Amino acid sequence: MATRIHPTAEVSPEATVGDGTNIWHWVQVREGARIGRDCRIGKDVYIDKDVTVGDGCKIQNFATIYEGVTLGNRVFVGPHAVFTNDMYPRAFSPDWEIVPTKVEDGASIGANATILCGITIGRSAMIAAGAVVTKDVPPHALVAGVPAKVVGWVCECGRQLDAKNWCAHCQKTVSVSRPKARRRRRG
Ligand SMILES: [Zn+2]
């Protein structure tokens with residue numbers, strides 16, 4: 001399938017865009033960015049220098065994806081979600097270093113979420129809308145809040161699993177490795 005880039009989008013000639021990908025109005029894709037096949041890049045999205053976006057990703061309107069970020073395949077990024085790439089943000093920082101962030105296959109990032117840098121978001125994890133993610137998210141975890149905490153576990157389909165890792169929607173058990181519950185000591 002052909003790649004479609006809206007005339008108002010600004011895609012660097014030094015970026016690559018895969019077959020079947022649609023890039024909508026006013027998107028900016030910087031030099032060195034690599035976007036896979038069959039992606040949907042919504043209106044006003046910003047994709048910075050050297051960012052990698054896998055195949056089959058859906059990036060919603062106004063999301064901003066800065067240098068240092070790597071998205072796997074089938075990653076969903078909700079509207080207005082923002083990635084950061086600077087541990088010590090100052091207007092003047094002569095020794096600024098980019099801190100990489102990775103989002104694994106099938107993970108979703110809710111609307112307006114903020115992802116701090118140096119983080120890995122695990123496979124099929126789900127970031128709730130408005131969450132501020134400050135540390136690694138395990139595969140299949142559902143995290144919410146500011147700062148984001150694990151509040152549940154989800155299937156590949158996005159629905160929550162019960163205590164036995166069963167997805168009632170898909171009628172299957174999902175393999176997730178939950179951290180062991182800590183025992184409280186008495187006294
Ligand atoms: Zn499911």
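Modeller: Start with one residue. Cys-155 has a relative accessibility of 1%, so Cys-155 counts as buried. Buried means under 20% relative accessible area, exposed means over 50%, and partly exposed is in between (1.4 Å probe, protein chains only).

Colleague: What kind of model is this, and how are residues counted?

Modeller: The model is predicted: local features need pLDDT of at least 70, side-chain atom pairs count only at pLDDT 80 or more, and totals for chains, interfaces and linings use all residues. Residues are numbered from 1 along each chain as its sequence is written, and side-chain values use heavy atoms, with hydrogens and water left out.

Colleague: How do I read a metal site? Which residues coordinate the zinc ion?

Modeller: First, the general idea. Donors are N, O and S atoms within 2.8 Å of the metal (3.2 Å for Na, K and Ca); water is not among the atoms, so sites may look incomplete. Here the SG atoms of Cys-155, Cys-157, Cys-167 and Cys-170 coordinate the zinc ion at 2.3 Å. Along the sequence, these donors follow the spacing C-x1-C-x9-C-x2-C.

Colleague: Where do Cys-155 and Cys-167 lie?

Modeller: Cys-155 is in the loop between β22 (149-153) and β23 (166-167), and Cys-167 is in strand β23, so the pair ties together parts 12 residues apart in sequence. Strands (E, at least two residues) and helices (H or I, at least four) are DSSP runs, numbered from the N terminus. Cys-167 has a relative accessible area of 0%, so this residue is buried.

Colleague: Why is the arrangement around the zinc ion called tetrahedral?

Modeller: Ideal angles at a metal are 109.5 degrees for four tetrahedral donors. Four donors count as tetrahedral if all angles lie between 85 and 135 degrees; four count as square planar and six as octahedral if opposite donors are over 155 degrees apart and all others between 65 and 115; anything else is irregular. The angles around this zinc ion are 106 to 115 degrees, which makes the arrangement tetrahedral.

Colleague: How do I read a sheet? In what order do the six strands of the open sheet come?

Modeller: Two strands pair if DSSP finds at least two bridges between them. The order is β3-β6-β9-β12-β15-β18, with parallel pairing. β3 (16-17) and β18 (120-121) stand at the edges with a single partner strand each, so one side of each has no neighbour in the sheet. β3 pairs with β6 (residues 34-35) over two bridges. Val-17 has Ile-35 of β6 as its bridge partner.

Colleague: Which strands form a hairpin?

Modeller: β21 and β22 do, with four residues between them. Gly-145, in the turn, has a positive phi of about 100 degrees. β21 (residues 141-144) pairs with β22 in the antiparallel sense over four bridges. Ala-144 is bridged to Lys-149 in β22.

Colleague: Last topic. How many salt bridges does the structure hold?

Modeller: A salt bridge is a side-chain nitrogen of Lys or Arg within 4 Å of a carboxyl oxygen of Asp or Glu. The structure holds six. Arg-30 bridges to Glu-31, with the closest N and O atoms 3.1 Å apart. Arg-30 also bridges to Asp-48, at 3.3 Å. Asp-48 sits in the loop between β8 (46-47) and β9 (52-53), and Arg-30 in the loop between β5 (28-29) and β6, 18 residues apart.

Colleague: Is Asp-48 buried or exposed?

Modeller: Asp-48 is at 8% relative accessibility, so Asp-48 counts as buried. Arg-30, at 22%, is partly exposed. Glu-156 and Lys-172 form another salt bridge, 3.0 Å from N to O. Glu-156 lies in the loop between β22 and β23, while Lys-172 is in strand β24 (residues 172-173), 16 residues away. Shared partners join Arg-30, Glu-31 and Asp-48 into one network of salt bridges.
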